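I opened my notebook today to look up how the parts of one chain sit against each other. Here is what I wrote down as I went.

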Amino acid sequence: MTTFDVTLADIEAARSRIAGRVRRTPAFESADVSARLGRRTALKMEALQLAGSFKVRGVFNKVLTLSDEERRRGLVTVSGGNHAIAVARVAGTLGLDALVLMPKVTPRFNVDLATKYGARIELCDDAAEAFAKAEDYQRQGRLFVHPYDDPAIIAGHGTLGLEFLEDIPDLTHVFVSIGGGGFMSGVAAALKAKRPSLTIYGVETTGAPTMTEALKADEPVTIRPTSIARTLGAPFATHRTIAGAKLFLKEIILVEDEPVIADVSWILQKEKLLCEPAAACVLTAAETIAPSLPDESVIGLVLCGSNLSLDDLDAWRRQRA
């Protein structure tokens, strides 16, 4: 069983490495969310990040650790969502060749964004086929940038945790969404290293319970996600991210798609911020936990991304009507 191998020193080094390449996104207390949850609540507005999500943090850190020779080989990755868009953005910024393998069910919105940033797209029947093809391309010489099982990726994501605590130093409980677990692990590693007493909750939707199932089995389990929160739909967790979940999380909260869709609209109305379901789900989850927390608690919600088609949002809202 792999142990968790990303340290605070790794995260601090990543912060120096990617400085000036990514946005230091704002965090602030929200009167509306605090009133709704009944506890002081602060939002980390990572939905305002370059390329629409936290993913550029990890990808920039990974690519900037590579040698010139490795970069010249070109990148390959697997993603139908934010990681694909981030790899395309980073590769375009640094003048690298990037090939992104996407499942055929990937929303056109995501394909178009990755293409706009300069990546070449190859569609696959599903994520399993995409990962198999990525291994083939790696054997042919390309450098595989794993979407979440990579210490450099995880350390880059952890830089968000450092920023959140600097801006809201009295945080007591933080909610972070989980896809494959790299983002959660990095953010949680930073938070717990700086504040060991802080409590961290992971959040998944019932249609994408990747880490929940892995923890039940105590090993990676391949799932077929059905959630509208597509960017949470990693096909499996890994031994490294499972170790991170065991080390850092109090528990994982599972939420249904329907209230998450409602919260996408609620956040847009109240905070004037467009969040994808993978971000809005932390509010949905926090509402189930907040009443049980001490009155003096300070809740932190990580709003991790904004890559959402307004056409999809309209369609979901019509289905609920």
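This is a predicted model: local features need pLDDT of at least 70, side-chain atom pairs count only at pLDDT 80 or more; totals for chains, interfaces and linings use all residues.

**Aromatic rings**

I began with the rings and counted six aromatic pairs. For this count, rings of Phe, Tyr and Trp (its six-membered ring) pair if their centres lie within 6.5 Å; planes under 30 degrees apart are stacked, over 60 edge-to-face, and the rest tilted. I looked up Phe54 and Phe183: their ring centres are 3.8 Å apart and their planes are at 20°, so this pair is stacked. Phe54 lies in the loop between β2 and α3, while Phe183 belongs to helix α9 (residues 182–194), so I noted a pair that links distant parts of the chain, 129 residues apart.

**How to read my notes**

Residues are numbered from 1 along each chain as its sequence is written, and side-chain values use heavy atoms, with hydrogens and water left out. My helices (H or I, at least four residues) and strands (E, at least two) are DSSP runs, numbered from the N terminus.

**The six-stranded sheet**

Next I traced an open sheet of six strands, in the order β1-β2-β10-β7-β8-β9 and with mixed pairing. Two strands pair if DSSP finds at least two bridges between them. At the edges I found β1 (27–29) and β9 (249–255), each with a single partner strand, so one side of each has no neighbour in the sheet. On average, neighbouring strands here are turned by 25° against each other, direction ignored.

Strand β8 (residues 199–205) runs parallel to β9, and six bridges join them. Opposite Glu204 I found Leu254 in β9.

**The four-stranded sheet**

I then found an open sheet of four strands, ordered β5-β4-β3-β6, with parallel pairing. Its edges are β5 (120–124) and β6 (143–144); each has a single partner strand, so one side of each is left without a neighbour in the sheet. Strand β4 (residues 98–103) pairs with β5 in the parallel sense over five bridges. Val100 has Ile121 in β5 as its bridge partner.

**Helix against helix**

Which angle do α3 and α8 make where they pack? I read about 130° for helix α3 (residues 55–64) and helix α8 (residues 151–167), with the axes 7 Å apart. Axes are lines fitted to C-alpha atoms, for helices over the stretch in contact, and angles run from 0 to 180 degrees between N-to-C directions. That makes α3 oblique to α8; angles under 35 degrees are roughly parallel, over 145 roughly antiparallel, 65 to 115 roughly perpendicular and the rest oblique.

Helix α1 (residues 8–18) also meets α8: their axes come within 8 Å and cross at roughly 90°. The two are therefore roughly perpendicular to each other.

Last, I looked at helix α12 (residues 257–271) and helix α13 (residues 277–289), whose axes come within 8 Å and cross at roughly 95°. That makes α12 roughly perpendicular to α13.
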